[in-house]
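Here is a short briefing on one protein chain. Please read it alongside the sequence and the coordinates.

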Amino acid sequence: MLAAPDENKRPIFAAKDLTTFYLENGPKIFPQRNWPGWLTSSMNLIGTIRGPKYDGVFLHDKIKSLTHDMRVADTVTNIVVPAFDVKYLQPVIFTTYEAKADPLKNAHLSDICISTSAAPTYFPAHFFRTEGPDGRSREYHLVDGGVAANNPTMIAMSMLTKEVLRRNLDFNPGKPTEYRNYLIISVGTGSAKLAEKYTAPQCAKWGLIQWLYEGGFTPIIDIFSHASADMVDIHAAVLFEALHCQKNYLRIQDDSLMGNTSSVDIATEENMEALIGIGKELLKKPVARVNIDTGMYEPVAGEGTNEDALARFAKMLSEERKLRIKNLNSC
């Protein structure tokens, strides 16, 4: 949404519009069933066993109505979007750079958005086909990119490294792994780590059903997704510390979500307003980095708040853009 162009080649949405979009459309994307309290858990379990919790029809139609026939190569800025192909059991990474070079990777934005939001058990997997001018075609059988990269930081870094290796003129020539030149802002979607939802004695008694669904949550998905995201965060934090450029990597995450705010799909107005409030509070919190021994985020002295750090990043990026424009004009 932030990268899809309008008729003036500007984003169809500004970041400030996203909360309004979710407040208006969230209840339709995740329609809430009003079962009697004592029936809720049982009916949700039955639904989980029978098929995806949501049919995705409204979400798919909304995405298509916003993106029309736009393709990855049309985005207003370079993007990297992961998905996972269930037929071939491998990640698929869509990028603007590759879409411009390979017609079979230049999929419609609607297909990519539907695919990367197709979280198993919540939405159905998505199938589509791309075709090239030479008659070749490629099939995609995709689900949510979070299956492979719940934290896409390392994928983004890898794709940039790949472009440096290819001598892409958008990047300064040099060592592909010169990560001191990278600025990374990694924004998490929140977790209930501090809630300590599961314990070993509890999990030791579970069979297949409980691992898939227990107490309104999906333990096996929670565990795999958090493990994947946290491993990437640990790797990136250690890497940038080793290169003495810790300030180039900013991770913004809240591990203290509780109750409904930690749910993936409780899209009531009350819960979404609560999440908006948590996001605003997160801006005021001090910059924090993960402690690799405890997995907890600890405030970093002398680096200000997340809001301060974002302003610092914005200034550096603005200055870099001005420098590049100046260099281009002087050629």
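A residue counts as exposed when its relative accessible area is over 50%, and as buried when that area is under 20%. Leu-208 has a relative accessible area of 65%, so Leu-208 is exposed. The model is a predicted one.

**Domains and their interface**
- The protein is divided into domain 1 (5-34 + 41-147) and domain 2 (171-324).
- Domain 1 gives 18 residues to the contact, and domain 2 gives 13 residues.
- The C-alpha centres of the two domains lie 22 Å apart.
- Between domain 1 and domain 2, about 1,300 Å² is buried, and carbon and sulfur atoms give 70% of this area.
- One salt bridge is found across this interface.

**Nonpolar cores**
- The largest nonpolar core has 16 residues. Those with the most contacts inside it are Ile-79, Phe-94, Ile-112, Phe-128, Tyr-140 and Leu-142.
- At least two residues of this core come from each of β1, β2, α5 and β4.
- Beyond its neighbours within four places in sequence, Leu-142 is in contact with several residues, including Ala-83, Phe-84, Val-92, Phe-94, Ala-118 and Phe-128.
- A second, separate core has 13 residues, among them Met-157, Leu-243, Ala-288 and Val-290.

- Helix α5 (residues 109-116) is mostly covered, with six of its eight residues buried.
- The buried residues of α5 are Leu-109, Ser-110, Asp-111, Ile-112, Ile-114 and Ser-115.
- These buried residues pack against α3 (57-67), β1 (80-85), β2 (90-95), β3 and β4.
- Leu-208 belongs to helix α9 (residues 208-212).
- From C-alpha to C-alpha, Leu-208 is 26 Å from Asn-151, and the two are 57 residues apart in sequence.

- Strand β3 (residues 126-131) has His-126, Phe-128 and Thr-130 on its covered face. Phe-127, Arg-129 and Glu-131 are on the uncovered face.
- β3 pairs with strand β4 (residues 137-144) in the antiparallel sense, over six bridges.
- Thr-130 stands opposite Arg-138 in β4.
- Five residues lie between the strands of this hairpin, and Gly-135 takes a positive phi near 95°.

**Strands β5 and β6**
- Strand β5 (residues 184-187) and β6 run parallel, joined by four bridges.
- Ile-185 has Leu-250 in β6 as its bridge partner.
- Strand β6 (residues 249-252) is covered on both faces. Tyr-249 and Arg-251 are buried on one side, and Leu-250 and Ile-252 on the other.

**Salt bridges**
- The count comes to 17 salt bridges.
- Lys-53 and Asp-265 meet in a salt bridge at 2.8 Å, N to O. Lys-53 lies in the loop between α2 (37-50) and α3, and Asp-265 in the loop between β6 and α11 (269-284), so the pair ties together parts that are 212 residues apart in sequence.
- Asp-265 is buried, with a relative accessible area of 5%, whereas Lys-53 is partly exposed at 27%.
- Glu-139 forms a salt bridge with Arg-129, the closest N and O atoms being 3.0 Å apart. Glu-139 is in strand β4 and Arg-129 in strand β3, so this pair links parts that are 10 residues apart in sequence.
- Arg-136 and Asp-134 form a salt bridge with closest N and O atoms 2.7 Å apart. Asp-134 is exposed, with a relative accessible area of 51%, and Arg-136 is partly exposed at 45%.
- A network of salt bridges links Glu-98, Lys-105, Lys-162, Glu-163 and Arg-166.

Technical notes: Residues are numbered from 1 along each chain as its sequence is written. This is a predicted model: local features need pLDDT of at least 70, side-chain atom pairs count only at pLDDT 80 or more; totals for chains, interfaces and linings use all residues. Side-chain values use heavy atoms; hydrogens and water are left out. Buried means under 20% relative accessible area, exposed over 50%, partly exposed in between (1.4 Å probe, protein chains only). Two strands pair if DSSP finds at least two bridges between them. Contact means heavy atoms within 4.5 Å. A nonpolar core is a set of buried Ala, Val, Leu, Ile, Met, Phe, Trp, Tyr and Cys residues joined through side-chain atoms within 4.5 Å. Domain bounds come from an automatic or database domain assignment. Buried area is the accessible area (1.4 Å probe) that two parts lose on being put together, summed over both. A salt bridge is a side-chain nitrogen of Lys or Arg within 4 Å of a carboxyl oxygen of Asp or Glu.
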